[in-house]
Amino acid sequence: MLQSMRSAAKYIWIVLIVAFVGSFLLYETSGLAGRSPVTTSTAIATVNGEDILLTSWQNAVTSLEQQQQQQLGRGITLDERKTLEDRAYDELVTELLLQQEYKRRGITVTDDEILEAARLAPPPQAMQSPDLQTDGRFDLSKYQRLLASPMARQSGMLAGLEAYYRNEIPKQKLFDQIASDAYVSDERLWQVYRDRHDSAQVSYVLVGQSALTDTAVTITDAEISQFFDRNKKRFTRPGRAVVSLLTVPRTVTSADSADAKARIEKLRAEIVAGAKFEDVAKRESTDSVSGANGGSLGKGGRGRFAADFETAMYSLKPGDLSQPVRTPFGWHLIRVDSKSGDTLDVRHILVSIGQSDSSATRTDRRADSLASKAGSQEDPEAFDAAAKALGLSPASVVAFEKEPLTYAGRYVPSVSAWAFSGVRAGETSDLFDSPDAYFLARVDSLTLGGPQPLSDVKEDIRRRLAKDKRIEKLRPIAEQIAVAARTSTLEAAAAQRSLQVGKSPAFSRVDAVPGMGQFEPAIGASFTVPVGQIGGPFKAVDGMVVLRVDSRTDASRPAFEVDKATQRKQLLQSLRQQRVDEFLTNLRESVTVVDKRSNVMVTLRRQSGV
């Protein structure tokens with residue numbers, strides 16, 4: 001079987017070789033080879049002295065991109081591609097670090113281990129395949145028959161499985177070593193249970209900074225420096241680009257809405273005449289995700305959809321077909337398949353409201369004219385001239401690295417990712433397209449991201465430390481309130497200071513409480529101060545708190561015992577995952593990783609004349 005896996009690998013490598021040769025020939029004939037330092041062996045990162053090649057990264061990105069395009073049913077934006085590029089890079093770095101760790105620990109995988117895993121431990125994708133299920137459950141015998149079939153050998157499936165297990169088995173061995181000593185005692189399990197199920201309800205007085213008559217505090221440069229040195233990792237800034245943005249909107253008219261309604265009415269007539277709702281949804285719905293599943297939106301209760309949609313949905317009986325329903329997304333036909341209380345199993349067909357063909361053609365020509373007049377991507381004056389010729393006013397917007405750009409409440413696709421892809425100030429983008437507009441951008445200024453110097457964050461640190469000191473200045477006032485409350489009542493002591501008494505809802509040790517915060521000393525004290533007594537002052541998010549515990553309910557030990565086995569399994573799984581995550585984080589931080597992507601991509605852009 002293993003030999004069959006390896007024999008089938010040639011089909012995979014043929015595809016890869018064809019793709020590689022095509023790319024290589026394009027590279028050779030483009031004229032780049034003679035003047036380019038970037039080659040097929042160029043590294044985009046170095047991990048402990050070992051390189052990750054540009055080709056490996058590009059292949060990984062392409063694979064992720066294809067998966068996402070299949071899920072979305074459309075092409076992806078540059079913003080989405082940038083996210084995939086970062087994901088692929090992180091995965092490749094982690095994989096190389098793991099390979100180095102396997103070697104250091106002597107972790108290997110044998111052919112027999114691969115064969116056994118292939119037969120008895122199917123990958124998640126196989127277990128989720130409808131074709132390998134019987135009565136809604138994964139059927140191991142079907143899977144094993146598939147492994148033995150000629151199709152598995154001829155399609156390259158066996159080679160893919162071998163690669164999967166060669167990667168997963170040593171990883172699992174490593175993670176087992178890391179988490180093998182994870183243990184949860186009954187006492188620890190009971191404490192975790194109590195943290196979530198003990199509850200308290202308190203009355204409290206929040207003494208805020210408005211109670212201070214003297215808010216002046218002194219923060220020394222030494223204190224600022226000490227805070228900065230302890231928290232340097234917090235102080236990194238994203239790249240920042242000031243961009244001039246031109247927009248050619250796809251203006252939708254009342255005639256366009258009428259046209260969409262006419263289309264949805266025609267589809268309704270087709271269904272009434274006998275066409276299957278599911279078939280029409282697959283063919284016509286502009287909601288491509290539900291449309292691929294016959295319009296299914298699944299089962300659920302209220303609050304899932306737009307108000308007009310839900311009003312129409314809940315007025316239907318199972319099997320009924322709605323009249324056309326208008327929402328901000330367009331025109332819908334709705335059918336309820338089943339109903340149990342407020343839980344409905346519902347399908348819909350969506351016809352989005354867009355421009356008519358003639359309007360869209362005019363918008364397309366206007367956008368093409370803008371791109372043509374903008375001309376050279378490296379001539380900033382051409383951008384201004386194109387805007388003036390078409391009567392467009394550039395908007396000055398700020399884009400931040402790794403954040404999609406929004407302007408006037410609208411998502412602007414691809415501009416942010418383009419601005420940080422190696423372009424220089426003054427360059428103009430390609431024309432970017434979205435369902436509601438075209439966009440053309442020019443980078444006016446660009447500031448790279450990275451660690452911030454103390455001089456840039458000094459005043460932010462000063463304000464933070466000053467707030468903490470002012471809160472501490474409230475402690476004497478809060479102590480006076482606590483003393484007064486113990487000799488009278490919390491309400492009377494608060495009234496003397498013209499303060500209000502707040503009443504919390506019941507909360508656990510891990511809940512966030514308005515006015516008190518989360519994981520603050522005031523929260524913990526609510527479970528230690530005796531019921532009916534005054535406690536405090538305790539530091540909260542925005543001041544000092546004096547509280548009275550009004551009631552407290554302890555977790556049920558019998559209920560805990562009933563659920564203990566399940567709780568232990570969940571906590572152990574969480575603890576093991578935490579050990580693995582901490583190991584991977586420490587592994588990443590303890591090694592030398594040199595990220596060369598930015599320089600490589602800038603070089604590629606300049607080589608290609610972009």
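1. Two strands are taken as paired if DSSP finds at least two bridges between them. Helices (H or I, at least four residues) and strands (E, at least two) are DSSP runs, numbered from the N terminus. This is a predicted model, in which local features need pLDDT of at least 70 and side-chain atom pairs count only at pLDDT 80 or more, while totals for chains, interfaces and linings use all residues. Residues are numbered from 1 along each chain as its sequence is written, and side-chain values use heavy atoms, with hydrogens and water left out.

2. Overall form. The protein has 23 helices and 21 strands. Its radius of gyration is 32 Å, well over the 25 Å that the globule rule gives for 610 residues, so the protein is more spread out than a compact globule. That radius is taken over C-alpha atoms, and the rule is 2.2 Å times the number of residues to the power 0.38. Along the principal axes, the C-alpha trace spans about 90 × 70 × 65 Å.

3. Surface and contacts. Of the 610 residues, 40% are buried; buried means under 20% relative accessible area, exposed over 50%, and partly exposed in between (1.4 Å probe, protein chains only). The accessible surface is about 33,700 Å², and carbon and sulfur atoms hold 51% of it. These areas come from the Shrake-Rupley method with a 1.4 Å probe; for residues, only the protein chains shown count as cover. Among contacts (heavy atoms within 4.5 Å) with a separation of 6 or more, 67% are between residues 24 or more positions apart.

4. The sheet S8-S11-S10-S9. This is an open sheet of four strands in that order, with antiparallel pairing. Strand S8 (296-300) and strand S9 (325-327) are at the edges with a single partner strand each, so one side of each has no neighbour in the sheet. From one strand to the next the twist averages 35°. Axes are lines fitted to C-alpha atoms, for helices over the stretch in contact, and angles run from 0 to 180 degrees between N-to-C directions. Strand S10 (residues 330-340) and strand S11 (residues 343-351) run antiparallel and are joined by nine bridges. Leu333 has Ile349 in S11 as its bridge partner.

5. Helices on that sheet. Helix H11 (residues 254-272) lies across S9, S10 and S11, at about 40° to S10. Helix H14 (residues 307-314) lies across S8, S9, S10 and S11, at about 45° to S10. The buried residues of H14 are Phe309, Glu310, Ala312, Met313 and Tyr314, and they pack against S8, S9, S10 and S11.

6. The sheet S12-S7-S16-S15. Here too the sheet is open, has four strands and pairs antiparallel. Its edges are strand S12 (395-400) and strand S15 (432-434), each with a single partner strand, so one side of each is left without a neighbour in the sheet. The twist averages 40° from one strand to the next. S15 is joined by three bridges to strand S16 (residues 437-447), and the two run antiparallel. Ser434 stands opposite Ala437 in S16. Helix H15 (residues 357-374) packs on the sheet, touching strand S7 (240-249) and S16, with its direction at about 140° to that of S7. Helix H16 (residues 380-389) also touches S7 and S16, and its direction makes about 145° with that of S16.

7. Nonpolar cores. A nonpolar core is a set of buried Ala, Val, Leu, Ile, Met, Phe, Trp, Tyr and Cys residues joined through side-chain atoms within 4.5 Å. The largest has 27 residues, and Ile44, Ile52, Trp57 and Leu174 have the most contacts inside it. Two or more residues come from each of strand S1 (43-47), helix H2 (54-72), helix H3 (78-105), helix H8 (157-179) and helix H22 (557-590). H3 gives the most, with eight residues. Apart from this core lies another, of 18 residues, including Ala395, Leu405, Phe420 and Phe432.

8. Leu490. This residue lies in helix H20 (residues 490-496) and is buried, with a relative accessible area of 1%. Beyond its neighbours within four places in sequence, Leu490 has contacts that include Ser203, Tyr204, Ile534 and Arg548.

9. Backbone details. Gly536 and Pro537 are joined by a cis peptide bond with omega of about 5°; Pro537 is in strand S19 (residues 534-539). Asn48 has a positive phi, near 55°, and is found in the loop between S1 and strand S2 (50-53). Ala408 also has phi near 55°; this residue is exposed, at 72% relative accessible area.
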